[in-house]
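Dear colleague,

I am passing on the structure we spoke about, with the sequence alongside it. Please have it open while you read the notes below.

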Amino acid sequence: MLTSLYVRHFAVVEEAEIAFGPGLTAVSGETGAGKSLLVDALMLLAGARADSGMVRAGSDRAELIAEFDLSELPEARAWLRREELDEDDACQLRRVIRAEGSSRAWINGRPANASQLGELATLLVEIHGQHEHQALLSRAHQMELLDAYAGNEALVAQVRELAQQWRELGNRIRKLSGGDDREQRIELLSHELGELEKWALPAAELTELEASHKRLANAGRLAEGAGGVVELLDGESEFALRRALGRAQLEMSKLAALDDRLAPLLELLDNASIQLSEAADGLGRYALDVDLDPERYTEVDTHLTRLHELSRRHRVPVAELHDKAATLRQELDELEGAGDALEKLASQRTRLQQQYDEHAATLSTARQQAAERLGGEVSGLMGELGMSGGRLVVELEATNDNEPDPQGRERCELLVSANPGQPPRALRKVASGGELARISLAIEVATLGKDTIGTMVFDEVDTGIGGAVAEVVGQKLRALGAQRQVLCVTHLPQVAAQGHAHLRVSKASDGESTRTRIEKLDASGRRDELARMLGGVEITRETRAHAKQMLERAQV
């Protein structure tokens, strides 16, 4: 439900904040006062295209904010959760339009694009009138409305689920069979798997292979280097470390005999001499044992080269080739043993097709019966709403597709004839805004409480009518308001009198600028506004009395 609307520097509105309650809220005002600005603001917050002409003259930007209570709108809450834009049971839509033509939008304080605004708005508000973006003009929404009217929700869910299961089985069968080239796929997998099983290694063995390659590639340098270090440590040269260390030990032993505080340092030199000897011996053995086998190097180098070729071919790192082999093995096993599995899946799919056909046929029958009832009921309401001889036809067109369709075996189109003798045409092609609004009203009344949208807005619903028909329109809107929040822009007192609340839009000019004011009327203000709508500029005692009677009659 819409709880508040804030507009600032929007068209001729300098600033206004309006609180909304449940039921029917009537919006009235003199011609040209800007009654439809509320509708325009909601349209923009629903993602409609903005332009700089919507910004009040002399201002750099216009700002629009709408607050909604989502406590009874589970689909809107679910959408916000999916988009990670949720904020408890509240929802704020905000849009800023700049004078140079750009605009920005936010949902619950987070940046959003026009597409997101539009998706969310279809779950929050439905606008009926001469505007374009109306859910009722969507064929998908028309089918949803028909199913809701018929109480087909459970049957629709079953049909959708069976169709999805059928398609999932089809995907599994295609994957398992390898499509049209199963034999070629098996041959390719066998070849690729043979190569991988020959060359790919587990992580530990791959690490050892790479280490061996590094050692073999540098065997000569390692042997020569180790021998050179041995010569530095324990060679024949008088500068060899072991000889120098021996001289140091001899000199230190003489000094330690004179001062026993040097004994620990002498011990360190002795230990160093032992470690130096062990290092020299170890390096000597290493130099003799270094593998200088060129054949082994060629073998290891070839192995690594093949691994890198396979890595490029399969587009995975060398370390993941072993896992790739396991994946290909699983796919090959499935394809080679697919016969029995494919037979079982095909049998399951046939059963699903049969179940789908049965449920879809039941759904088609229910839809056809509901279509006739809905068409007749709406046609009767159209007559009450001043469209005598008008009728609605709910057309169901078969899809001519044997494959299970999640939406069922037919598509829905609402066809309307607004006047006697005219052939029914698609509702989305009806040109008159007033007729479209009244047809929409008739459909909403006929399907009262069947959809889940919390707020409905009717603009120009009373165009071209008056008298008793206008009162009927008002009564229908009030009945609708008992189930949903309804906003109605009207110029007829018979409609405005039926409102649970009443907003008046007025404008004033100081000769230099024009300002529009939006105010919520109390009981006295409502009487005066109805009197103005009844009698024009001059409000007489008689028109006030008539207005009072209309208000009292509407409350009965």
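Predicted model: local features only at pLDDT ≥ 70, side-chain atom pairs only at ≥ 80, totals over all residues.

I begin with the sheets. Six strands make up an open sheet of mixed pairing, and their order across it is β8-β12-β13-β3-β14-β15. The edges are formed by β8 (125–128) and β15 (514–520), each of which pairs on one side only. On average, and with direction ignored, neighbouring strands of this sheet are turned by 15 degrees against each other. Within the sheet, strand β3 (residues 24–29) and strand β13 (residues 485–489) run parallel and are joined by four bridges, and Val27 is the residue that stands opposite Val489 in β13. As a reminder, strands of a sheet pair through backbone hydrogen bonds, either parallel or antiparallel.

The antiparallel sense is seen where strand β1 (residues 2–10) pairs with strand β4 (residues 61–69) over six bridges, with Tyr6 placed opposite Ile65 in β4. On β4 there is also antiparallel pairing with strand β5 (residues 90–98), here over nine bridges, and in this pairing Glu63 stands opposite Val96 in β5.

A further open sheet has three strands in the order β9-β10-β11, and its pairing is antiparallel. Because β9 and β11 (425–426) stand at the edges with a single partner strand each, one side of each is left without a neighbour in the sheet. The pairing of β10 with β11 is antiparallel and extends over two bridges, and Val416 has Arg425 in β11 as its bridge partner. Helix α4 (residues 139–150) packs on this sheet, where it touches β9 and β10, and its direction makes about 95 degrees with that of β10. Helix α13 (residues 338–384) also lies across β9 and β10, and it runs at about 160 degrees to β9.

Turning to the helices, which way do α2 and α3 run relative to each other, roughly parallel or roughly antiparallel? Helix α2 (residues 74–82) packs against helix α3 (residues 114–124) with their axes 8 Å apart and at an angle of about 160 degrees, and this angle makes α2 roughly antiparallel to α3. The crossing in which α2 passes α3 is left-handed. From α2 the contact draws on Glu75, Ala76, Trp79 and Leu80, and from α3 on Gln116, Glu119, Leu120, Leu123 and Leu124.

Another helix pair is formed by helix α7 (residues 203–217) and helix α11 (residues 294–314), whose axes come within 9 Å and cross at roughly 130 degrees. At that angle α7 and α11 are therefore oblique to each other, and their crossing is left-handed. On the α7 side the residues are Leu206, Leu209, Glu210, His213, Leu216 and Ala217, and these meet Arg296, Tyr297, Val300, Asp301, His303, Leu304 and Leu307 in α11. The residues of the contact of α7 with α11 comprise eight nonpolar, two polar and three charged.

Helix α1 (residues 37–45) has eight of its nine residues buried, so it is largely enclosed by the rest of the structure. The buried residues in α1 are Leu37, Leu38, Val39, Ala41, Leu42, Met43, Leu44 and Leu45. Just after α1 comes Gly47, which takes a positive phi of about 100 degrees.

Most residues other than glycine have a negative phi, and most peptide bonds are trans. Ala11, although not a glycine, has a positive phi of about 55 degrees; Ala11 lies in the loop between β1 and β2 (13–19), and with a relative accessibility of 25% it counts as partly exposed. Asn400 is likewise not a glycine and has a positive phi of about 55 degrees. Asn400 sits in the loop between β9 (391–398) and β10 (410–417), and because its relative accessibility is 76%, Asn400 counts as exposed.

With best wishes

Technical notes:
Residues numbered from 1 in each chain as written. Heavy atoms only, no water. Axes fitted to C-alpha atoms, helices over the stretch in contact; angles between N-to-C directions. Parallel < 35°, antiparallel > 145°, perpendicular 65-115°, else oblique. Left-handed = near helix turned anticlockwise from the far one by under 90°. Contact = heavy atoms within 4.5 Å. Pairing = 2+ DSSP bridges. Buried < 20%, exposed > 50% of the residue type's maximum accessible area, 1.4 Å probe, protein only. Nonpolar A, V, L, I, M, F, W, Y, C, P; charged D, E, K, R; others polar.
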